[in-house]
Amino acid sequence: MFKANSPADVLKHLAIMGAIVALLIIGFFYVYLPSSTNHGESISVPKIAGMQLADAEELLDEQRLRYFVNDSSYNPNVKPFTILTQDPAPGAKVKEGRKIYISVNMKNPPMIKMPKLIDGSVKNAELILKSYDLRRGKITYVPDLQQNAVLKQLVNGREVKPGEMVPKGSLVDLHVGDGLGNTEFEVPNVVGMPVDEASVLLVGQGLQIGNIIYVQGSEEADGTVLKQRPFAEVNAKIRVGELVDLWVAGQEPVQGIE
């Protein structure tokens, strides 16, 4: 029969087993695990914003990093597939295999709804276009009584109605009223009339009073219209909103003194 181990032997064996377990734990956490995960080592994130996606991908592979496109937008002034933003920022310290989140400039612009510019002013149209990421193109003034009002909105020479889909960043050409209109009629003759009556007549026919030049030494009574421009010649035509200059007999009145 074998002699049973004494309590001292049992304790000795337990101590040996405890030491072995402790060595295994220390070896795993402080030797094996750091060497297999590069513990304590970090990689500096390179600057990839502004690079082409293919070039950035190659660079990140060399740095043992990855990327993920989490956003995209369109800028007509930037080459397609250019990286616009990145996160983390350049120079940040990360672990191997870390994902770099990027936004990329699209090749084709997204389609957006054309806003309503008609009947508004040119300045208002420019503000609206900017808010929609559209660009103001050529302005063409056409005869119309609505001065500086947008009458038509066109993309690539085609009139586009509000709500139609157009590419983001498109150039929008505008047809704008010149405030004159296209209705022509004979030039009214106001020569020989008092300037006050002549002014009422001209304004009543949709014309504007231009320069009033006073001429001294005339035989006509003061305040009489001596000459006008345009002249009231045979078949002479004028459009609504145009200016008429007047030459008046007498001395120019001083403002505030009758």
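## Start in a loop

Select Asn 235: with a relative accessibility of 62%, this residue counts as exposed (over 50% relative accessible area; buried is under 20%, partly exposed in between; 1.4 Å probe, protein chains only). Before moving on, note that this is a predicted model, where local features need pLDDT of at least 70, side-chain atom pairs count only at pLDDT 80 or more, and totals for chains, interfaces and linings use all residues. Residues are numbered from 1 along each chain as its sequence is written, and side-chain values use heavy atoms, with hydrogens and water left out.

Check its backbone: phi of Asn 235 is near 65 degrees, a positive value in a residue other than glycine. Most residues other than glycine have a negative phi, and most peptide bonds are trans.

Stay in that loop and pick Pro 230. What kind of peptide bond joins Arg 229 and Pro 230? A cis one, with omega about 5 degrees.

β14 runs antiparallel to β16 (residues 243-249), with four bridges. Arg 229 is opposite Asp 245 in β16.

## Another three-stranded sheet

Jump to β2, β5 and β3: an open sheet in that order, again with mixed pairing. Its edge strands are β2 (66-73) and β3 (83-87), each pairing on one side only. Four bridges link β3 to the antiparallel β5 (residues 99-105), and Asp 87 has Tyr 101 as its bridge partner there.

Asp 87 is also joined to Pro 88 by a cis peptide bond, omega about 5 degrees. Pro 88 belongs to the loop between β3 and β4 (93-94).

Next, click Phe 81 in the loop between β2 and β3. Its phi is near 65 degrees, positive in a residue other than glycine, and Phe 81 is partly exposed at 42% relative accessible area.

## Last stop: a helix

Finish on Met 17 in helix α1 (residues 7-37). At 52% relative accessibility, Met 17 counts as exposed.

Conventions
Pairing = 2+ DSSP bridges. Helix = DSSP H or I, 4+ residues; strand = E, 2+ residues; numbered from the N terminus.
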